[in-house]
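Welcome to the tour! Please open the structure in your viewer and keep the selection tool at hand.

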Amino acid sequence: MTWVGYKAHVTETREDDSPRLITHVETTTGPTDDGAVAPTIHAALKDKGLLPGTHIVDTGFLDAELLVTSRREHAVELLGPVREDHHWQARAGRGFSAAHFAIDWERRRATCPEGRTSVSWTPAVDNRTNAVIKLKFAAADCRPCPSRAECTQARRARRTLTIRPREQYEALQAARARAETRDFATEYAYRAGIEGTRSRGIRRCGLRQARSIGLTKTKLQHLLTAAALNFVRVDEWLADTPRVATRRSPFAKLMAWAA
């Protein structure tokens, strides 16, 4: 017998002057990719008239394409830590990553930090079915380049760039730059609230334990759990019960004390 797990994707408000209430719960099977759920959540929130201007999410809900489509189709700005460039040049912190190349979208070419331009521009699809553009530089330019060791380890001594289409590329670069700012850290701190909601749902309402079998019944359980948590939060708000601060582990407290 095969058992299928389910996930509850919870969306809540973030106002400081009113109770933070759950506005939507989307139930999916466990293997479902988080990014695939984002359009469904936004469509459901739009139908309720509860679509946010900014949706604070974790990395699983962030993708270059989602950054663009959420803004274009729903006027929703996704805010969260996007995936970093995984290529060795970016990870090493000393090489020429894609961000170091100037992209000329009109002329369909890139210029490297040493001033050489690419010789080919080829639209393609990567192994995750994402639309990409592959740009190649000439071996005759790369082989004698004094910065070759910082740029490529290819045996043919030629650099190849793989980037997303323009809208996605620019949205991704902007999101990575924003993630380095203090304003981002302040804004993203609000997401700790949803982790507290999930924790409370698990500890108080048994959110992780399905009472029945099947997606439909599990979804009903998740909706009833969300409704119960909303009743509790309204009651606490009316009783002027202060919000509980995020708990810190004993080790974190010890390190703070030692510092």
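Which residues form a positive surface patch? Select Lys134, Lys136, Arg155 and Arg156, and you have that patch on screen. Lys and Arg count as positive, Asp and Glu as negative, while His and the chain ends are not counted. Patch residues have over 30% relative accessible area and no salt bridge, with like charges joined within 9 Å and nonpolar side chains (Val, Leu, Ile, Met, Phe, Trp, Tyr) within 5 Å. A salt bridge means a side-chain nitrogen of Lys or Arg within 4 Å of a carboxyl oxygen of Asp or Glu.

A word on the model: it is predicted, local features need pLDDT of at least 70, side-chain atom pairs count only at pLDDT 80 or more, and totals for chains, interfaces and linings use all residues. Residues are numbered from 1 along each chain as its sequence is written, and side-chain values use heavy atoms, leaving out hydrogens and water.

Lys136 sits in strand 8, residues 131-136 (strands are DSSP runs of E, at least two residues; helices are runs of H or I, at least four; both are numbered from the N terminus). Lys136 counts as partly exposed because its relative accessibility is 36% (buried is under 20%, exposed over 50%, partly exposed in between, with a 1.4 Å probe and protein chains only).

Next, select Phe251, Leu254, Met255 and Trp257: this is a nonpolar surface patch with about 540 Å² of accessible area together (Shrake-Rupley method, 1.4 Å probe). Leu254 belongs to helix 9, residues 250-258, and is partly exposed because its relative accessibility is 48%.

Finally, zoom out: the chain has nine helices and nine strands, and 36% of its 259 residues count as buried.

Methods:
Charge placed at Lys NZ, Arg CZ, Asp CG, Glu CD.
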